[in-house]
Amino acid sequence: MAVIKTENLSHVYSEGTPFVKTAIENINIEIEEGQMVGVIGHTGSGKSTLIQHFNGLLQPTSGKIYIDGEDMWADKNKLRDIRFKVGLVFQYPEYQLFEETCYKDIAFGPKNMGLPDDEIDKRVREAAAFVNLSEEQLMKSPFELSGGQKRRVAIAGVLAMKPKVLILDEPTAGLDPKGRDRILGQIKEYHQEEKNTVLIVSHSMEDVAKFAQKVLVMNRSKVFLYDTVEAVFAHAKEISEIGLAVPQITQIFAELKKRGYDVNPDVYTIEAAKAELIRLLEEGGNISA
Amino acid sequence: MLKDITIGQYFPGQSFIHKMDPRMKIISTLLYIVMLFLAGNLMGICAGILLLILMYQLSGVPMNMVTKSLKPVIPVVIFTSVLNIFFVSGEVLLKFFFIEITREGINLAILMSFRILCLIAGSSLLTYTTSPIELTDAIERLLNPLKKLKVPVHELSMMMTIALRFIPTLIEETDKIINAQKARGADMESGGLMQRAKALVPILIPLFVSSFRRADELAMAMECRCYRGGDGRTRMKQLQYSHRDWIALTVMAGAIVVVLLLNV
Amino acid sequence: MSDFIEARGISFSYAMEDDPNPIRVFEELDLKIKEGEMVAILGHNGSGKSTLAKHFNAILQPDEGQLLVNGMDTRDNNKLYEIRQDVGMVFQNPDNQIVATVVEEDVAFGLENIGVEPAEIRRRVDDALERVGISEYKAHAPHRLSGGQKQRVAIAGIIAMRPRCIVLDEPTAMLDPAGRREVMKTILDLNRNHGITIVLITHYMDEAAQCDRVVVMDSGNVLLDSNPKDVFSHVKMLKSVGLDVPQATEICYEINKAGYPMPTEVLSIKECADELQKLIERTYAAKRKAAKLSQKK
């Protein structure tokens, strides 16, 4: 069953004023449970608006949204409970830290859920372990940590709520390559262990290619493509046409294909590229060629 | 969205009033207020209203903006009217028990009400036709002589400018933080007063932290751009009085003379 | 070309409040930057690159050693404003470096500070706005602009001062890909067409690849200092200090490692495709030759 399902979901900002703006239009997608989905699109393509709907921060101006089969806005009293099923980590989440210690900050979400103290403690420690925070760091003020560490604390704050769906809006923005790989690695690990659904908004096609099973490409308030990574990168040309870059390696393979070599152009990671090139070098060029 | 809130109530335009030097606009507004207080009878107030209508016509600011600006002062107007009606002694018109309503009281109530209304409408015209930056700039230059008295005029206006610059940024940031905490299950809509006040902590602390960080970075950026206070500083935009401003000044002076004549 | 910035054995350490031992950022560091060069400085967070950048316009001064900008010592407090006019600085967060509420007023800010005549300010502001391509937004409020546009406003504010060098501290870190492209295009234009020396601190390898020279820093030391092709061919070393290489370089490196000799000094898609094509043709030719030989036998 789809854990998130939308039906003709649209959102119009400032309706009835001169500033009216359609942010998303007729979105119909189903996100299967347990999948890791990369969400890409330009600034202003509607991706941020869309993910805020998944968490109930925005109410659709028309259309419906189902979380775990339940209509999110059918009963406003249940909204809070449904919202807990979807954890949302915003861009630069370290700016939301406020408690005296990292421990307390991570406990903020579980506390709001009204969980018993021992359960909160268990969850805080589990979440901290996922993002590799030491016991010592947990007792420190979040403001004493480095940028990358702060971000991990903020992510742990959402992980501790154990959402069925975890959504991260550009979790690696502004980090150096090491910090970036570390956070992506931890999210991947979390996904594999918890078997949860994870959505990651990213600008980097290289990153999306590394972790995602499916890719959702948004363009001009609409879903442009929503398919498996292979199938999406097979549309490299269309993706470049809307101004989004496909990984450099995919472009190199497209170029080789254009020059008449028998390579599979749907290559998007270094590992796959290496295997494909070695196959070409070993198998190709025999007498028949 | 929160960021669409405009600061002040500037109404862009190209009218005679818009094009006036902001310093003269401030001076004219002050003269208009003086005129209102000099007006001792209804005739004088009528002259004030007439002048106001003329100015609004000239500025192209829609008249419904006037009613909008006057709404918040209506309670004040009612309050002063009541005070005047009941507590000014003179020729008694009506009497219940111990309360007397006098002719002088009614007169004064009408006078005061219109005075307040004109005052608000008149100063609103200043903010409708002058952008906050021009206003800050003009205030800095008008107050320039006070520098000799060690009043930190430049610093104050710099603070105003930076505040104006960062208010939209901080509003946007508040919006983001509220959303982030809501996503973590923060409940800001229910509970008693204490609970609601407590619910603000997760918003205010990150906001303070980020404001300090911004201030720090801004200070460094300003230092990199050779900022060292107001001494030796020049300005790109020079303010210059033109014929418009002298016309405006003459009109205001004339209006004051008229009011004084009407008083006699 | 003469040296515009010269660091002679500079050391710098931060004092922490609750720690009696200051944290050493770098020690005895030497670095020269020539006039007109476009240099990228790479390094992971905490490698000392931002601290070094702040030395270039005397925001920070070395504890030991000497840093010369155009022959002026940054520790000479009389030369402070002269140095800051010569070396402009652009920071990561575009919001936190714009002072005024109108774009053109902000661009004028630096010139007003150094007491330039109003008519001259006007001329230079218009010129700077034109050069970064944001003239049409000159009367806008900065908070209404996109990240890339805001960053270009910040750059305009710097070039209006007519500096000879601009130091940019991760100017694209907070921008989306479109904003990054805008800013890179602007920076490249300033260097290539106006001869302004550029020091670009970045985490993006594709940006560093567009520079003339790449300096890699790690824990306060200069690890590599050469042209981009040479620097990026050290794939293993870069990865070990937490940095990335362009995928074009990485695939060549991997293929090379797998036993197919080919150059790893490759940066662009075209270069990579060319080299791969050469390798494939070479391998196929060798195969054909071997096949012929065995047929003869």
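Predicted model: local features only at pLDDT ≥ 70, side-chain atom pairs only at ≥ 80, totals over all residues.
Local features require a pLDDT of at least 70 and side-chain atom pairs a pLDDT of 80 or more, whereas totals for chains, interfaces and linings use all residues. Residues are numbered from 1 along each chain as its sequence is written, and chains are lettered from A in the order in which they are written.

Chain B contains 11 helices and two strands, where helices (H or I, at least four residues) and strands (E, at least two) are DSSP runs numbered from the N terminus. Along the sequence, the order of elements in chain B is α-α-α-α-α-β-β-α-α-α-α-α-α. Along the principal axes, the C-alpha atoms of chain B fill a box of roughly 65 × 55 × 40 Å.

The contact between chains B and A takes 19 residues from chain B and 19 residues from chain A, two residues being in contact if their C-beta atoms, placed from the backbone, lie within 7 Å. On the chain B side, α8 (153-183) and α10 (201-224) each supply at least two residues. Helix α8(B) gives the most, with seven residues. This side of chain B comprises 10 nonpolar, four polar and five charged residues (Ala, Val, Leu, Ile, Met, Phe, Trp, Tyr, Cys and Pro count as nonpolar, Asp, Glu, Lys and Arg as charged, and the others, Gly among them, as polar).

In chain C, residues C:E104, C:V107, C:A108, C:L111 and C:E112 of α3(C) meet C:I121, C:R124, C:V125, C:A128 and C:L129 of α4(C). By class, this contact has seven nonpolar, no polar and three charged residues.

Two residues of chain A other than glycine have a positive phi: A:N132, at about 60 degrees, and A:E170, near 40 degrees. Most residues other than glycine have a negative phi. A:N132 lies in the loop between α4 (117-130) and α5 (135-138) of chain A, and A:E170 in the loop between β8 (165-169) and α7 (177-194). A:N132 is partly exposed, because 14 C-beta neighbours lie inside 10 Å, whereas A:E170 is buried, with 22 other C-beta atoms within 10 Å. A residue is buried at 20 or more such atoms within 10 Å, exposed at 12 or fewer, and partly exposed in between, with C-beta atoms placed from the backbone.
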